[in-house]
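Welcome! Here is a short tour for anyone opening this structure for the first time. Please take a look at the sequence and the fold, then read on.

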Amino acid sequence: MSTDAHYCPFDYADALDFDPTLRRFLDEEPVARIRLPYGDGEAWLVTRYDDVRTVTTDRRFSRHAVIGRDFPRMTPEPIVQDEAINVMDPPASSRLRSLVSKGFAPEQIDRMRPHIQRAVDQLLDRMAEERAEADLMTHLAHPLPLITICEVLEIPQGDKDQLRAHARTMMNVTAENRPNAVRAKADLRAYFADLTARRRADPGDDLISVLATARDGDELLDDKELTVMAMVLLITGQDTTTYELGNLSYTLLTRPDARAALQQSPEKLSQTINELMRYIPFRKGVGIPRVATEDVELSGVTIAAGDIVHVSYLTANRDGLKFDRPDELDFDRTTPSHMTFGWGAHHCLGAPLAQAEIETAFKSLLERFPDIALAKPAEEVEWNTTSIWRYPLGLPVTW
């Protein structure tokens, strides 16, 4: 093992301050050699926007090539499944993306908007019943994405809490959690193997049924692909949106400029939220890596064929070569696009649904509770420290 590799636990979780280790890489060593808490060997970490874009779009970097390797990572048990779209390369992933994207097409999202609005209204009604004080994580951030994705997938009401618990267990980064993570992953897979088989036999109008019966030419998703796709949709469709809602809420409650931007210019809602998502460090460290299939030079550094390569969307979003005043919120900013939903062949398919949920939630929240405020000092808000995601554990508010 080389001596110049940096050990990176990526455990920084001080509210939503930017990780100083990632800042140092971006400023001083944009293509760096790193070691992570789990997995074998070392990896490259790529931090600049243009280099991240290259790694995520260039066919010389393969996600599929990580299968079977004990790749450097942040969680004790790899979150990803071998059959998942997350570890496919084009053209195999293109076929699956084409099928799945039908469920998140603009007309599908428009059809979902009344359901999202109804869910938001009901959640805020319940919050209002608390009268003086309520927890925004409990009343909005946690339930809304779960309600929405379970409606899209038609998950039975009684199964929701257990499925959410499995997903959270898989994201835990502590070493002692490994047996629980292995079990949660197996249980989640078994659940969706059964559910997808039943939907294939007796399809309805839900997204799983759409995927079970959708054809790309003569091809259908096979049973394993369908099972894993349903798992991925559940995990990414509720966990990440919950944490983004929490982080966005905290920022609005602690930044008067952010709240004013949303309240004064409702027509710029989407643009304002995009700038917030660029600015907020929504997770820790890195996700699923790629493997270089041939030698590639990035920012003057040669990455050898066979090397593992991680990218940081967090640093790409703060790259001063790409964004003017990257560490400031600029609600007039429209370009370039942020990378919070990923990039290239693995850009999040559910991003349009997440965007619709977030926009509906904050439009309604600020209309309904224009004077909403934190019920305790910002420095007393507790933050998650055991997950790959950064988010407040609770957000007590008054109005």
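Let's begin in a loop: Arg-325 sits between helices H13 and H14, where helices (H or I, at least four residues) and strands (E, at least two) are DSSP runs numbered from the N terminus. This is a predicted model, in which local features need pLDDT of at least 70, side-chain atom pairs count only at pLDDT 80 or more, and totals for chains, interfaces and linings use all residues. Residues are numbered from 1 along each chain as its sequence is written, and side-chain values use heavy atoms, leaving out hydrogens and water.

**Loops and backbone**
- Although Arg-325 is not a glycine, its phi is positive, at about 50 degrees.
- Arg-325 counts as partly exposed because its relative accessible area is 36%; buried means under 20%, exposed over 50%, and partly exposed in between (1.4 Å probe, protein chains only).
- The loop between H13 (313-316) and H14 (351-368) also holds Pro-336, and the peptide bond joining Thr-335 to Pro-336 is cis, with omega about -10 degrees.
- Another cis peptide bond runs from Pro-90 to Pro-91, with omega near 5 degrees; Pro-91 lies in the loop between S4 and helix H3 (92-101).
- Glu-154, not a glycine either, has a positive phi of about 55 degrees and is found in the loop between helix H6 (143-153) and helix H7 (160-171).

**The sheet**
- Six strands make an open sheet of mixed pairing, ordered S1-S2-S3-S9-S6-S4; two strands pair if DSSP finds at least two bridges between them.
- At the edges are strand S1 (6-7) and strand S4 (61-62), each pairing on one side only.
- S4 and strand S6 (residues 290-292) run antiparallel and are joined by two bridges; Ser-62 has Val-291 in S6 as its bridge partner.

**The cores**
- The largest nonpolar core has 112 residues, and Phe-10, Leu-136, Phe-192, Leu-211, Phe-362 and Ile-372 touch the most other members; such a core is a set of buried Ala, Val, Leu, Ile, Met, Phe, Trp, Tyr and Cys residues joined through side-chain atoms within 4.5 Å.
- Helix H10 (residues 223-254) supplies the largest share of this core, 15 residues.
- A second, separate core of 18 residues includes Val-31, Leu-298, Ala-316 and Met-339.

- Pro-179 belongs to helix H8 (residues 178-201).
- Between Pro-179 and Glu-359 there are 180 residues in sequence and 38 Å in space, C-alpha to C-alpha.
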